[in-house]
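Welcome! Here are some exercises to work through with the sequence and the model side by side. Try each task before reading its solution.

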Amino acid sequence: MVSAYSANVLDIVFQNRIHFHLELRGRITQVYGESATGKSLLGYVIRATEKYNRGNPDVEYDVSKVLYIDSLEEMNKIKNRSGDLIIIDRGDAFLTDDQVNMIREDKNNTYLVISRRIIDLGISPNYYAEFVECDGRVELRYKYSVEGWN
């Protein structure tokens, strides 16, 4: 069994067809962009893998260190987590100012916040990215690489 997330890298293949290899630069990364770019597909892959793992002994990818959230009601799942990748999908639709502040202050986890527009997470422009397909896998392409802005 391979951990899907470690050392700021999420690497998971689903049904030998969909490969996400996401190298996160820092503690908070925001992916934003138009629809149909694979943002919500990542959530489907994580949830389908979790479901498969519950009923099968031959687990290929361990996603226990990955938490996928796509609603306000699920935000309480973050409590007491440490060392995990927390993926928040459609964050622009439900995150409140208090929750954004909680994300900023949480030094125990890494966040990948997915949205259609920029959310003021207090991060450097170097941590804004988009999903791109490269040689059959989905990767992060960072929008900026400005020295001194980390």
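**Exercise 1. A glutamate in a loop**

Where in the chain is Glu-74 found? Decide also whether Glu-74 is buried or exposed.

*Solution.* Keep in mind throughout that this is a predicted model.
- Step 1: Look between strand 7 and strand 8; the loop there holds Glu-74.
- Step 2: Take the relative accessible area of Glu-74, which is 13%. Buried means under 20%, so Glu-74 counts as buried.
- Step 3: Look for its partners. Beyond residues up to four places away in sequence, Glu-74 touches Arg-47, Tyr-68 and Ile-69.

**Exercise 2. The largest nonpolar core**

Find out which elements supply the largest nonpolar core and which of its residues touch the most other members.

*Solution.* 
- Step 1: Begin with the members. The core has 27 residues, and those touching the most other members are Leu-10, Phe-20, Leu-42, Ile-87, Leu-112 and Phe-131.
- Step 2: Turn to the elements. At least two residues each come from strand 3 (9-14), strand 4 (18-23), helix 1 (39-55), strand 7 (66-69), strand 8 (85-88), strand 9 (110-115), strand 10 (128-134) and strand 11 (137-142).
- Step 3: Ask who gives the largest share. Helix 1 does, with four residues.
- Step 4: Now search apart from this core. Another core lies there, of 19 residues, including Ile-28, Ile-86, Ile-88 and Tyr-111.

**Exercise 3. The largest pocket**

Describe the largest pocket by its volume and its lining.

*Solution.* 
- Step 1: Start with the volume, which is about 220 Å³.
- Step 2: List the lining: Val-13, Phe-14, Gln-15, Asn-16, Ala-48, Thr-49, Tyr-52, Asn-53, Asp-58, Val-59, Glu-60 and Tyr-61.
- Step 3: Strand 3 and helix 1 are the ones that give two or more residues, and helix 1 has the largest share, with four.
- Step 4: Six lining residues are nonpolar, four are polar and two are charged.

**Exercise 4. The two sides of helix 3**

Why can the buried residues of helix 3 be said to line one face?

*Solution.* 
- Step 1: Pick out the buried residues of helix 3 (residues 97-105): Gln-99, Val-100 and Ile-103.
- Step 2: Look down the helix axis. These buried residues fall within an arc of 100°, so they line one face of helix 3.
- Step 3: Check the other side of helix 3, where Asp-97, Asp-98 and Glu-105 are exposed.
- Step 4: See what covers the buried residues. The cover includes strand 5 (28-32), strand 8, helix 2 (91-94) and strand 9.

Methods: Residues numbered from 1 in each chain as written. Predicted model: local features only at pLDDT ≥ 70, side-chain atom pairs only at ≥ 80, totals over all residues. Heavy atoms only, no water. Core = buried A, V, L, I, M, F, W, Y, C linked by side-chain atoms within 4.5 Å. Buried < 20%, exposed > 50% of the residue type's maximum accessible area, 1.4 Å probe, protein only. 1 Å grid on protein atoms, 1.4 Å probe; cavity = no way out; pocket = protein on both sides within 12 Å on 5 of 7 lines; lining within 4 Å. Points joined across faces, edges and corners; volume = space filled by probe spheres on them. Nonpolar A, V, L, I, M, F, W, Y, C, P; charged D, E, K, R; others polar. Arc of directions from axis to C-beta. Contact = heavy atoms within 4.5 Å.
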